[in-house]
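Open the model in your viewer and keep the selection panel to hand. The tour goes stop by stop.

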Amino acid sequence: MTGLMVWRHPRPRGVAGRCIGRADVPVDPRKAKRLAHRIRRAARRDGAAREVWTSPLRRGADVGRWLARWGWLHHVDPRLSELDFGAWDGQAWDTIGAAEVDAWCAAFASHAPGGGESVTVLMARCAAFMSAHPDAWVVGHAGWINAAARVMRGLPPPSAASEWPAPVGYGVAWRASSSRGAESQ
């Protein structure tokens, strides 16, 4: 295997209309197990090591725990966590307020939404992980995957929110060796 392979975690429960970053929201255990099966099949097909990395957040770590039950090494690394939205995290988007969201969009790379962390900091975390583990298999988060795609292409943090792509789908794999990379497995 060459290149980083990241699978977006399964769809979490109860997050519709909410800003979710570091909020530790649950996923259906059956969906976590289903994604773990898909990752295991893909690893067999690709001849990959039986090793997976996740953030400490349940929506990814639950998949890693299923793989660990089947003999995989499961590593937890906080650098794989989603963007920290600070006080916004877990709040309904309509309660955050348009003025606050507009302030973030106006300085997308450097503004720390809700007092959390900026996209620049997220990209630095991605770069540090990718440098240390260029061939890892990861269960990750949409924002982290988008940041990793920019890092992989050598792009700077986006100056405008419009430069940030739509998230990859739940359970979709992204291989860092490809251009945008989203590929279903």
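In which helix do Arg65 and Asp62 both lie, and how many residues apart? Select helix H2 (residues 58–69): Arg65 and Asp62 both lie there, 3 residues apart, about one turn of the helix. Helices (H or I, at least four residues) and strands (E, at least two) are DSSP runs, numbered from the N terminus.

Some ground rules before moving on. This is a predicted model, with local features needing pLDDT of at least 70 and side-chain atom pairs counting only at pLDDT 80 or more, while totals for chains, interfaces and linings use all residues. Residues are numbered from 1 along each chain as its sequence is written, and side-chain values use heavy atoms, with hydrogens and water left out.

**Stop 1: salt bridges**

Stay on Arg65 and Asp62. Their side chains form a salt bridge at 2.4 Å, N to O. The term means a side-chain nitrogen of Lys or Arg within 4 Å of a carboxyl oxygen of Asp or Glu. By this rule the count comes to 10. Arg65 is partly exposed, at 37% relative accessibility. Here buried means under 20% relative accessible area, exposed over 50%, and partly exposed in between (1.4 Å probe, protein chains only).

Next, select Glu117. Its side chain meets that of Arg125 in a salt bridge of 2.5 Å, N to O. Both Glu117 and Arg125 are buried.

Return to Glu117 and show Arg22. These two also form a salt bridge, with the closest N and O atoms 3.2 Å apart. The pair links distant parts of the chain, 95 residues apart: Arg22 is in the loop between strand S1 (5–8) and helix H1 (29–46), Glu117 in the loop between H4 and H5. Glu117 has 9% relative accessibility; Arg22 is partly exposed at 31%.

**Stop 2: aromatic rings**

Show the rings of Phe, Tyr and Trp (its six-membered ring). They pair if their centres lie within 6.5 Å; planes under 30 degrees apart count as stacked, over 60 as edge-to-face and the rest as tilted. The structure holds 11 aromatic pairs. Take Phe85 and Trp93: their centres are 6.2 Å apart and their planes at 85°, so the pair is edge-to-face. Phe85 is buried at 8%, whereas Trp93 is partly exposed at 33%.

Then select Trp88 and Trp104. This pair is edge-to-face too, at 5.7 Å centre to centre and 75° between the planes. Trp88 lies in the loop between strand S3 (73–76) and helix H3 (93–96) and Trp104 in helix H4 (residues 98–106), so the pair ties together parts that are 16 residues apart in sequence. Trp88 is buried at 3%, and Trp104 is buried at 10%.

Ring pairs link Phe85, Trp88, Trp93, Trp104, Phe108 and Trp164 into a cluster.

**Stop 3: the largest pocket**

Where is the centre of the largest pocket? Of its 24 lining residues, the closest to the centre are Ile20, Glu82, Phe85, Ala142 and Gly143. A pocket is an open set of points on a 1 Å grid over the protein atoms alone, where a 1.4 Å probe fits, with protein on both sides within 12 Å along at least five of seven lines; lining residues have an atom within 4 Å of a point.
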